[in-house]
Amino acid sequence: MSETIKVAVIGAAGRMGSEAVKAVEAADDMTFVGGFDAGDDLGDLGGADVAIELTVPASSPTNVAYCIERGVSVVVGTTGWTDDRYGQVREWLQDSPKTGVLVA
């Protein structure tokens, strides 16, 4: 059996975040390692390989930067991303070439 992907959800108590937690927990190839919400210390993100970011536009870039700094790839489902924010993410990723960011 192959190793499962360790997934954290940032914004886990929200409507979309709680659904993401359920989906990760139901998946055979993923392990839910931590749910985080406003005011929580993200710490090591529960040792996640991937984080799902489902917060608010004002918090999302900070959370993405936090993940990139730790080499944790992130899937962003938060709206409000601008060309400037995408440019900033590209700059952050230059120092972490094995980390991926998908803004959906």
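Guide: Happy to! Let's begin with Glu69, which counts as exposed at 62% relative accessibility. Please keep in mind that this is a predicted model. Glu69 has a charged partner in Arg70, and the closest N and O atoms of this salt bridge are 3.2 Å apart. Arg70 itself is partly exposed, its relative accessible area being 39%. Glu69, in contrast, passes the 50% cut-off and is therefore classed as exposed.

In general, side chains of opposite charge can pair when their charged atoms come close. The structure holds 2 salt bridges, so let's turn to the pair formed by Lys22 and Glu19. Their side chains meet with an N to O distance of 3.2 Å. Both residues sit in helix H1, which covers residues 15-26. Because Lys22 and Glu19 are 3 residues apart in that helix, about one helical turn separates them. As for the surface, Lys22 is partly exposed, with a relative accessible area of 49%. Glu19 is partly exposed too, at 43%.

You will find Ser96 in the loop that links helix H3 (83-94) and strand E5 (101-103). With a relative accessible area of 13%, Ser96 falls under the 20% cut-off and so counts as buried. Leaving aside residues up to four places away in sequence, Ser96 touches Ile68 and Gly71.

Terms used
Residues are numbered from 1 along each chain as its sequence is written. This is a predicted model: local features need pLDDT of at least 70, side-chain atom pairs count only at pLDDT 80 or more; totals for chains, interfaces and linings use all residues. Side-chain values use heavy atoms; hydrogens and water are left out. Helices (H or I, at least four residues) and strands (E, at least two) are DSSP runs, numbered from the N terminus. Buried means under 20% relative accessible area, exposed over 50%, partly exposed in between (1.4 Å probe, protein chains only). Contact means heavy atoms within 4.5 Å. A salt bridge is a side-chain nitrogen of Lys or Arg within 4 Å of a carboxyl oxygen of Asp or Glu.
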